[in-house]
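I opened this entry to keep track of what I looked up, one place at a time.

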Amino acid sequence: MMKTTISMICIVLSIVLMALPYGVAMRWGISPTEVDTTYVSYFSPLPAGYANWFPLSTAILSILSLLLLCIAIIKRCVVLL
């Protein structure tokens, strides 16, 4: 039970950090010598629009793993009753 609790806490913390607005750096070339950087959340569709699917897929898979972990804990509690 302790391992699942620690796993759940770590996944929740990672999802909270992914929701912060400074997760993914998007670099824009304004001119040949100047670069502008915009920071967006992992849940933003902006990186996916520019063919960077990894931040959004990481966020979705983290939420899915948290959901599966919650289902496993609920099943374990129902079996014990």
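The notes below follow the order in which I looked things up.

**Confidence.** I began by noting that this is a predicted model. The chain averages a pLDDT of 91, and 100% of the residues score at least 70. When I went through the chain by element, I found confidence lowest in α3, at a mean of 91, and highest in strand β2 (residues 34-40), at 94.

**Helix α3.** I then turned to α3, whose 27 residues span 39 Å from the first C-alpha to the last, close to the 39 Å expected at 1.5 Å a residue. Which residues of α3 are buried? I listed P55, L56, A59, S62, L66, L69 and I73. Looking for what covers these buried residues, I found that the cover includes α1 (2-19), β1 (24-31) and α2 (46-49).

**A nonpolar patch.** On the surface I looked up a nonpolar patch formed by L61, L64, L67, L68 and I71, which together have about 470 Å² of accessible area. I picked out L64, which is found in helix α3 (residues 54-80). Why does L64 count as partly exposed? Its relative accessible area is 42%, and a residue counts as partly exposed when its value falls between the 20% limit for buried and the 50% limit for exposed.

**The loop between α2 and α3.** Here I looked up Y50, which has its place in this loop and counts as exposed at 53% relative accessibility. Leaving aside neighbours within four places in sequence, I found Y50 in contact with M26 and W28. Y50 and M26 are 24 residues apart in sequence, while their C-alpha atoms are 9.4 Å apart in space. In the loop between α2 and α3 I also found A51, which is exposed, with a relative accessible area of 63%. I wrote down the phi of A51, near 65°, as a positive value in a residue other than glycine.

**Helix α1.** My last entry is on T5, which lies in helix α1 and counts as partly exposed at 34% relative accessibility. How far apart are the C-alpha atoms of T5 and P21? I noted a separation of 27 Å for these two residues, which are 16 residues apart along the chain.

Technical notes: Residues are numbered from 1 along each chain as its sequence is written. This is a predicted model: local features need pLDDT of at least 70, side-chain atom pairs count only at pLDDT 80 or more; totals for chains, interfaces and linings use all residues. Side-chain values use heavy atoms; hydrogens and water are left out. Patches are made of residues with over 30% relative accessible area and no salt bridge: like charges are joined within 9 Å, nonpolar side chains (Val, Leu, Ile, Met, Phe, Trp, Tyr) within 5 Å. Accessible areas come from the Shrake-Rupley method with a 1.4 Å probe; for residues, only the protein chains shown count as cover. A salt bridge is a side-chain nitrogen of Lys or Arg within 4 Å of a carboxyl oxygen of Asp or Glu. Helices (H or I, at least four residues) and strands (E, at least two) are DSSP runs, numbered from the N terminus. Buried means under 20% relative accessible area, exposed over 50%, partly exposed in between (1.4 Å probe, protein chains only). The expected span of a helix is 1.5 Å times one less than its number of residues. Contact means heavy atoms within 4.5 Å. pLDDT is the predictor's confidence in each residue, from 0 to 100.
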